[in-house]
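Good morning, and thank you for coming. Please look at the sequence and the model on the screen while I go through selected features.

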Amino acid sequence: MSARSGPGYSRTMINVRRGLVVGTLALGCTAGLASPAPAKTVTDTWQISLQMPPQLWDDAASLGNIPGDGIDAFTVGTTKYRIRWANATVRQLPKYMLRQQGGKYGTTTAGLYDRPLAKKQLTKFTLKQRLLWLDADVLLADAGSPVCQGLTTAQLTGVLDGSVTDWQQVFGGQAQAVSLRVPVDYLGKPRILFGRKVYPGAQTTTDGGTLSVTGGAVAVQKLSYAARYVAAGGVCAVPIDGVAPTEQTTRDRSYAHSYGVYYVDRKKPTKGIGAKPAPLLKRWEYFLFGPVGDSFLTSAGGRQRYLP
């Protein structure tokens with residue numbers, strides 16, 4: 001990563017996506033004032049520890065890499081920084097995340113959650129949350145399949161739990177076996193989609209394999225991955241209860257299996273165990289919520305996540 005000279009985060013402010021205010025470089029002095037203090041150079045290694053549940057790991061495990069692996073050089077006021085980032089991502093069970101992250105004894109900097117935390121949880125652990133991206137779990141079928149007409153929630157559940165084994169059970173007519181395909185995660189286990197860890201009788205495959213859904217085959221996938229292939233016309237994203245999964249129905253949450261991913265961090269990050277200096281946190285948030293983070297979210301892993 002090449003050295004940078006800003007934006008930093010001084011008194012001159014600009015608005016960027018999601019209402020985040022990121023400061024800009026302010027150098028020089030006003031005529032007639034006393035000479036500025038000598039410039040100071042800080043050379044250090046900074047780290048953000050970011051935790052997330054297993055269902056978000058494939059989407060966000062590399063999020064900590066967005067500052068790059070070179071020297072991050074920038075200036076704030078009269079202080080010059082030369083920073084090497086060594087961020088860590090942690091795969092954690094949701095029931096432990098709040099305890100490890102929030103309050104006086106939190107040891108991780110921030111966490112990602114695929115649902116908003118309740119006000120009671122935020123208050124108890126002294127946290128705040130911001131929407132980072134939106135996505136949806138979808139069922140894919142061949143564009144010419146009758147499944148593209150749509151399923152009810154009960155029919156979808158039957159396909160996922162293996163109780164619907166033939167499309168004749170749904171549409172009548174000639175018998176045609178149901179074949180469900182599920183992409184695997186980085187450990188080779190079925191990816192958690194539609195809140196499910198287990199898909200009885202399903203065939204595991206790659207992301208690309210979920211697009212091969214000829215005949216009676218269907219596949220579960222994320223809309224952020226599938227949307228461009230749906231637009232090309234080879235596959236359809238199956239409507240559920242009459243609502244098709246699209247960018248619009250994901251944004252307005254009218255599609256029942258859409259969700260937001262929330263970035264949650266501490267309200268008072270410079271206090272307590274695991275706290276980080278304010279310059280570190282501001283610089284990290286400049287990356288995450290600025291153009292670098294936007295580029296990651298709309299391209300990494302072949303996924304075009306929807307930005308708020």
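Let me begin with a question: in which loop is arginine 253 found? Arginine 253 is in the loop between α7 (247-251) and β14. Its phi is near 60°, a positive value in a residue other than glycine. As background, most residues other than glycine have a negative phi.

A word on the basis of these values. This is a predicted model, in which local features need pLDDT of at least 70 and side-chain atom pairs count only at pLDDT 80 or more, while totals for chains, interfaces and linings use all residues. Residues are numbered from 1 along each chain as its sequence is written, and side-chain values use heavy atoms, with hydrogens and water left out.

Arginine 253 counts as partly exposed because its relative accessibility is 35%. Here, buried means under 20% relative accessible area, exposed means over 50%, and partly exposed lies in between, with a 1.4 Å probe and protein chains only.

Arginine 253 also leads us to serine 258. Leaving aside neighbours within four places in sequence, serine 258 is in contact (heavy atoms within 4.5 Å) with Asp135, Ala136, Thr249, Thr250 and Arg253. Serine 258 lies in strand β14 (residues 258-266). Helices (H or I, at least four residues) and strands (E, at least two) are DSSP runs, numbered from the N terminus. Serine 258 counts as buried because its relative accessibility is 12%. Its side chain reaches the backbone oxygen of tyrosine 255 at 2.8 Å.

A second residue with positive phi is phenylalanine 194, at about 55°, although it is not a glycine. Phenylalanine 194 lies in the loop between β10 and β11 (203-205). With a relative accessible area of 14%, phenylalanine 194 is buried.

I turn now to the protein as a whole. It has nine helices and 14 strands, and buried residues make up 45% of its 308 residues. Among contacts between residues at least 6 apart in sequence, 69% join residues at least 24 apart.

What does the largest nonpolar core contain? The term denotes a set of buried Ala, Val, Leu, Ile, Met, Phe, Trp, Tyr and Cys residues joined through side-chain atoms within 4.5 Å. The largest such core has 32 residues, and those with the most contacts inside it include Leu63, Trp85 and Tyr263. Helix α8 (residues 278-289) provides the largest share of this core, seven residues. A second, separate core of 31 residues includes Cys148, Val220, Cys236 and Tyr306.

Helix α8 also holds arginine 283. Is arginine 283 buried or exposed? Arginine 283 counts as buried, because its relative accessibility is 0%. Its side chain makes a polar contact with the side chain of aspartate 72, at 2.9 Å. A polar contact is a pair of N or O atoms within 3.5 Å; within protein, one must be able to donate a hydrogen and the other to accept it, and residues adjacent in sequence count only if both atoms are side-chain atoms. Arginine 283 and phenylalanine 74 are 209 residues apart in sequence and 9.5 Å apart in space, C-alpha to C-alpha.

Finally, helix α4 (residues 153-161) has as its buried residues Leu156, Gly158, Val159 and Leu160. These buried residues pack against β9 (127-142), β10 (179-183) and β12 (217-222). After α4 comes glycine 162, with a positive phi near 85°.

Thank you for your attention.
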